Amino acid sequence: CVNAVDSAARDGYETVMINYNPETVSTDYDICDKLYFDELSLERVLDIYEFEGESITGVIVSTGGQVPNTLAMKLDKAGVKILGTDAKNIDRAENRHKFSGMLDKLQIDQPVWQELAKLDDIYDFADTVGYPVLVRPSYVLSGAAMSVAYDKVALENFLGKAVKISTEAPVVVSKFETGAKEIEVDAVAHHGNVVIYAIAEHIENAGVHSGDATIVLPPQKLYMETIRRVKVITKKIAKELDISGPFNIQFLAKSNRVMVIECNLRSSRSFPFSSKVTGYNFIEIATESMLAKTTGKMSKIGKELLTKRDYKTLDLDHVGVKAPQFSFPRLKGADPVQGVEMASTGEVGCFGDDLYEAFLK
């Protein structure tokens, strides 16, 4: 958010920040021209938008995590000008059914999944695709977001926690790929064309939440064919969604079979890491793209950043590792086993000449 504000201010725009997190630097009063320390709800954002008047060029929803991103369609319907990627395309990526249909249309592989509302259908699906399966209920009593079931007994135990499973509260069940490598791409596109990307490799196999995974950039142990396929798929998705701004795609790779897990049309938690390791400010480039897309005008710096074609992000002279930090020793009864739910409370970035030097730091 701060980098987006700095970039917009440099281009001559007055900047307004809405923030509800007192722990972040973006609540400093001297970061932007105006700071609203308030909740990120549709009602408050519309109140502030109306109060600031019709002179507003637009609203950036793609640098504050998932909360503002989910407001995109509602803000768009209310007449708010969303900077960058169109709200309808953000919805195509966020809506599981629309996104899955888009991947099928583009002939892009994805893990087999179904949204089911009956217990018998869930068990039948698991038997058909084979265990293990990943289960994401709409609401469970324990508050757990999802779980991996390796057999029918584990599946029955997990579904037993659910208060109800119905058409109003369906369960998403997908085939869980064991022994697969997880890969992330942080990228910026302009009018559907990828401007810059960074491919990061997870050290742990798929099944560990991306926020808890140890990530290495650039990738050290991926097949060249896997990297090529990741790049091709990234460009296809950016073109189809006509992306102008930041986005993140998560992949599964197993024996050069590359599958897409999800795509978020916003900056991910690894964007600062990608920027630090590569030396290119991804959000600065993304902000210039969003402003140029919506206003039709490109600043001098924006033109330099968006037309540059020699960004070096794969062949680097150093390696960066992002490692999670946990609070297990301070929490009595905590389960120190990593899984599909995020448990880390911080992270640290290390640099080295190779993976082992960076990792050992």
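Start by selecting helix α2, residues 42-52, and colour its buried residues: V45, I48, Y49 and E52. They lie on the same side of α2, because the arc they cover around the axis is only 100 degrees. The model is a predicted one.

Next, show what packs over that side. The cover on the buried residues of α2 includes β1 (16-19), β2 (34-37) and α4 (72-77). Now turn to the face of α2 that points away from the buried side, where the exposed residues E50 and F51 sit. Then step past the end of the helix to G53, which follows α2 and has a positive phi, near 95 degrees.

Move on to the largest nonpolar core, which has 40 residues. Select I237, F247, F251, V260 and L265, the members that touch the most others in this core. Helix α9 (residues 224-240) gives the core its largest share, five residues. Centre on I237: beyond residues up to four places away in sequence, I237 touches M102, L103, I108, I243, I249, V260 and C263. A further core of 25 residues lies apart from this one; to find it, select A8, V188, I283 and L305, which are among its members.

The last stop is Q114, in strand β3 (residues 113-116). Is Q114 buried or partly exposed? Its relative accessibility is 39%, so Q114 counts as partly exposed. With neighbours within four places in sequence set aside, Q114 is in contact with F125, V171, V172 and V173. To finish, draw a C-alpha to C-alpha distance from Q114 to K34: the two are 45 Å apart in space and 80 residues apart in sequence.

Note on methods
Residues are numbered from 1 along each chain as its sequence is written. This is a predicted model: local features need pLDDT of at least 70, side-chain atom pairs count only at pLDDT 80 or more; totals for chains, interfaces and linings use all residues. Side-chain values use heavy atoms; hydrogens and water are left out. Helices (H or I, at least four residues) and strands (E, at least two) are DSSP runs, numbered from the N terminus. Buried means under 20% relative accessible area, exposed over 50%, partly exposed in between (1.4 Å probe, protein chains only). Contact means heavy atoms within 4.5 Å. A nonpolar core is a set of buried Ala, Val, Leu, Ile, Met, Phe, Trp, Tyr and Cys residues joined through side-chain atoms within 4.5 Å. The arc is that of the directions from the helix axis to the C-beta atoms.
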